Structure formats: structure tokens, C-alpha cells
Amino acid sequence: MKTVQHLKDKGKKTAVWMFVILLVIIGGRLIYGNEDNQDTLTFLKTSLTNDNHTPATYMKPETALDSDEVQGRESLSESMGFLLLYAVEAGNESLFEEQYQLLVDYFMDEEGLIYWKIGSSGSPGVPVNALVDDLRIVKALYAAGDQWNKTKYTDTAEQAAGYISRSLTYQSTLVDYSDQSSGGTAHSLTLSYIDVEGIDLLRQQGHIDPNVYDTTIDVLEEAEPKNVFYPKAYNVEKDSFSYDEEINMIDQMITANNRAQLGLPSNALISFIKEEMEQNGVLYGRYNPSDFEPVVKYESPAVYGFLIMYAIQLEDKELALKAYDRMTAFRSNHMSYRGGYSIHEGNTHIFDNLVPLLAIEKLKHTGWI
């Protein structure tokens, strides 16, 4: 017969084991975080948001020597585009409305120009826009107008799309940027800027004619990889492609994703990526195109985020989840930075936080996490 003391001892052991299990569960969450992006959204609000609520590019307010570079707390239209796309993907109408107001209050002028960057206080920078950022914003605005039946979002999309059509073409091809102060327009088109969905929207809405659409998309179709990697840009004036001496994998991933939207394969590039992930378990930020060796030792959560989105296009679940596991290894669980990615010496770039945010939301919609 079991004694009372034996039952008490057993009860204590059970309690201890329950406590251990609870610690394991809590510890697991501390190690791996969560997959609903809430921690990252909180981090963005507390650490990468200016007093006027615009998204800050860095946590620290350093000042760059070159005014053309992004300085610490300056705000980018690139960040606005990713936040708006995320809000649409997540069905978060209140977040979208908040970012929309910031867009029209600080980033857009009456002509439809979207400043590529503004000061931390909201002061406008030089009147220069960037095609890729404008296209992300236009896509998000049109989608939000449909999703929430808000004509103001569609009207603003029309305004921004109109500016693109008036100011960002050269020789019937969309180009990288325009400068309102000089009236100048770029003569080149970066391949990672050729957002097929966004450009097709411009065509559907009547903002560019079929010739401009075809000429621009032809650049993406005609780009030939050299030693696996795609060209960086196309010079419209010279009708020639240029290749980087050091390959930026973010550019490559976006270009491949753009091609996938047209049903075009990038077999050599995806084979290289899979081999790197299989043999080394990582994908570095930059590579030498001659010997395929990394020229940097850093990894970027944004690289893995774009790889996730590319893998979704390819319907490659295994690759997407490998990239997800590696990406979330860079997500902080430190009390001060919980949810932030790639925190180094108390600083991070917002790009390395926004791309994972969107990638995870897209992964959730596939049902893969």
C-alpha cells in the first residue's frame, strides 16, 4: 500500500516536471519567437518610428557624409511601400489607413510625385522618386481600394500612377527615377525595378500604352545571365546591359521573382541558391561572379525574405521553409529588441525587418507555417 509520504513525493515530482515542461515551452518561444509578426510590429513601432510616426530607416540617428545616402532617422518611400503591402496582405485596415495618411501628408506632392526620402521631421527631400518604390505603393493602394472599398485609396493610386506615366519614361521605356528640380530623367532601368504586377496595373488602368509595357517587359525577358547571375541594369540609350563586379543577392532574387511572374525560369540561379543552402546552410549577401565565392561574411534577413517570396512563386515549400528557418534565426529575443532582425550594436536597418514581415505573412497565406 502506498504511503501518504509516497503520494506527497510523487505529487512534488509531478509538479517539478510540469514546471520543467512549462519552462521548455516558454524557452522555446523565447528562442524561436512567434510566427504572427506581432513582436516585429511592436519593435517597428517602438524602435523604428519617428515622433511624427513616419518609419525611421535606422535605430540610431547617425549622419552620413554624403547627402545622397540615407541618414539615420530619415524615412524612405521604400519603407512605406513595404508597410502598405504588408497591411494589405495581413488585412490590417487600421495599419493601412495610418500609413496612407503618412504617405499623403509627408511623401506626396500635389503632382503625384512620391519623394524617395524625407527628413525625420517630415521635411521633404530633393524632389526625386524611385520607380520600384512607386510601383509597390501603387499596387498596395489599388489593392486596398478594392479590398476595403475605399475610393480615396484608388484615387491616390491614380494620382501616383499618373506621375509615373508622365515622368518616368525614356524612349518608350520605364526608367529608374526622375528629378523634378532639374527636369531630368534616368536613362537606365534596374532589372530588380521591373515589378511586373505593378507595371501591368499601369497598363490595365490606362496610364501607360501597350508599347511602353512591352518595351519595358522586353528588358526582363531579354536579360541573359552571365555565370548564373542576371545583369544589374539596362541602358536604354545604349541598348546594352551592365553586370556588377560583385553580385548583390537581393537584386538577383527580386529579378528572378519578377521573371517568375512572367512564367520565365531562372534555372541556373535557383540551382546555385539551392546548392549554397544545401552545402553551407546559408546564403551570403554578395558573391564573386567569377568563382561563385562569397565576398562578404554577412547574411541578410531581407535576402531570405525575398528567397521565401521567390520560393512561393515556384511552389517550392522545402526551399521556402529552409529560408524561413534561417531568416528567423536573426530575429531577436532580447527584451529591448524583441521581434527585431539583425540587431548589431543597438542598430538595424528597417529593410531587414520589413521584408521578413511581408514574407512571413505570405508564407502564412500559403498555409506552410
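Tutor: The count of salt bridges comes to 15. Keep in mind that the model is predicted. Take three of these pairs in turn.

Start with R338 and D39. They form a salt bridge, with the closest N and O atoms 3.1 Å apart. This pair links distant parts of the chain. R338 sits in the loop between helix 12 (317–328) and helix 13 (351–366), while D39 belongs to helix 2, and 299 residues separate them. Both R338 and D39 are buried.

Next comes K139 with E197. Here the closest N and O atoms are 3.4 Å apart. Again distant parts of the chain are linked: K139 is in helix 5 (residues 131–148), E197 is in helix 7 (residues 196–204), and they are 58 residues apart. The burial of the two partners can be read from their accessible areas. K139 has a relative accessible area of 15%, so K139 is buried. E197 has 43%, so E197 is partly exposed.

The last pair is E361 and K364. Their salt bridge has its closest N and O atoms 3.5 Å apart. Both residues lie in helix 13, 3 residues apart, about one turn of the helix. E361 is buried, with a relative accessible area of 5%. K364 counts as partly exposed, at 29% relative accessibility.

Now a polar residue elsewhere. T57 lies in the loop between helix 2 (38–47) and strand 1 (75–76). Its relative accessible area is 0%, so T57 is buried. A polar atom of the T57 side chain lies 2.6 Å from the backbone oxygen of E74. Setting aside neighbours within four places in sequence, T57 touches several residues, among them L48, V70, R73, T348 and H349.

Then the nonpolar side. The largest nonpolar core has 103 residues. Those with the most contacts inside this core include F96, L103, I273 and F306. Beyond its neighbours within four places in sequence, I273 is in contact with M249, M253, L283 and L307.

Three strands form an open sheet in the order 7-8-9, with antiparallel pairing. Strand 7 (188–190) and strand 9 (240–242) each have a single partner strand, so one side of each is left without a neighbour in the sheet. Neighbouring strands of this sheet are turned by 25° against each other on average, direction ignored. Strand 8 (residues 233–235) is joined to strand 9 by 3 bridges. Within that pairing, N235 stands opposite S240.

Conventions
Residues numbered from 1 in each chain as written. Predicted model: local features only at pLDDT ≥ 70, side-chain atom pairs only at ≥ 80, totals over all residues. Heavy atoms only, no water. Core = buried A, V, L, I, M, F, W, Y, C linked by side-chain atoms within 4.5 Å. Buried < 20%, exposed > 50% of the residue type's maximum accessible area, 1.4 Å probe, protein only. Contact = heavy atoms within 4.5 Å. Pairing = 2+ DSSP bridges. Helix = DSSP H or I, 4+ residues; strand = E, 2+ residues; numbered from the N terminus. Axes fitted to C-alpha atoms, helices over the stretch in contact; angles between N-to-C directions. Polar contact = N/O pair within 3.5 Å; in protein donor to acceptor, adjacent residues only side chain to side chain. Salt bridge = Lys/Arg side-chain N within 4 Å of Asp/Glu carboxyl O.
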